[in-house]
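Grab a pencil and have a go at these exercises before you read the solutions. Each one is worked through step by step.

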Amino acid sequence: MLSGNNTGGELYKKNLGQNFEIVLLQNPYSLHKGYILQAQIFFMGKPMENKIITARNRTGNENTLVLTSRTNSKGSCSFKIILNEESFVHATHMIVCPYKTYSDRESFWAS
């Protein structure tokens, strides 16, 4: 989902070095219905291959459209923009917890 109407800047494509991160490859403010949104997914600083990523797109109070894409060997995936309104891309990743004292799995979330 876009906040405001700032079409300038390049923050959208900056890799911030988070453990699990989605980096957009195009300025989301410049995309319209029918365009392709590309993203690259990183886990622990490396491109993540074969990961399912979800995009949600809706207009007003209408039902949300859910799209999925799987990352390639470079961690890239793409989605066709179906609506011009609210959208976001998200994913969850679970690993075996290295410190099994408190839990068996560790989860990572990105959007």
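**Exercise 1.** Find which residues isoleucine 41 is in contact with, leaving aside its neighbours within four places in sequence.

*Solution.* Start with the ground rules: this is a predicted model, where local features need pLDDT of at least 70, side-chain atom pairs count only at pLDDT 80 or more, and totals for chains, interfaces and linings use all residues. Residues are numbered from 1 along each chain as its sequence is written, and side-chain values use heavy atoms, with hydrogens and water left out. Contact means heavy atoms within 4.5 Å.

**Exercise 2.** Work out which members of the largest nonpolar core touch the most other members.

*Solution.* First, the term: such a core is a set of buried Ala, Val, Leu, Ile, Met, Phe, Trp, Tyr and Cys residues joined through side-chain atoms within 4.5 Å, where buried means under 20% relative accessible area (1.4 Å probe, protein chains only). Among the 18 residues here, the answer is Phe20, Ile41, Ile53 and Val89. Next, check the strands (DSSP runs of E, at least two residues, numbered from the N terminus): β2 gives the most, with four residues.

**Exercise 3.** Say how many disulfides the structure holds, and whether cysteine 77 is buried or exposed.

*Solution.* Look for cysteine sulfur atoms within 2.5 Å; you'll get zero disulfides. Then take accessibility: cysteine 77 counts as buried because its relative accessibility is 5%, and cysteine 97, at 9%, counts as buried too.

How values were computed
Buried means under 20% relative accessible area, exposed over 50%, partly exposed in between (1.4 Å probe, protein chains only).
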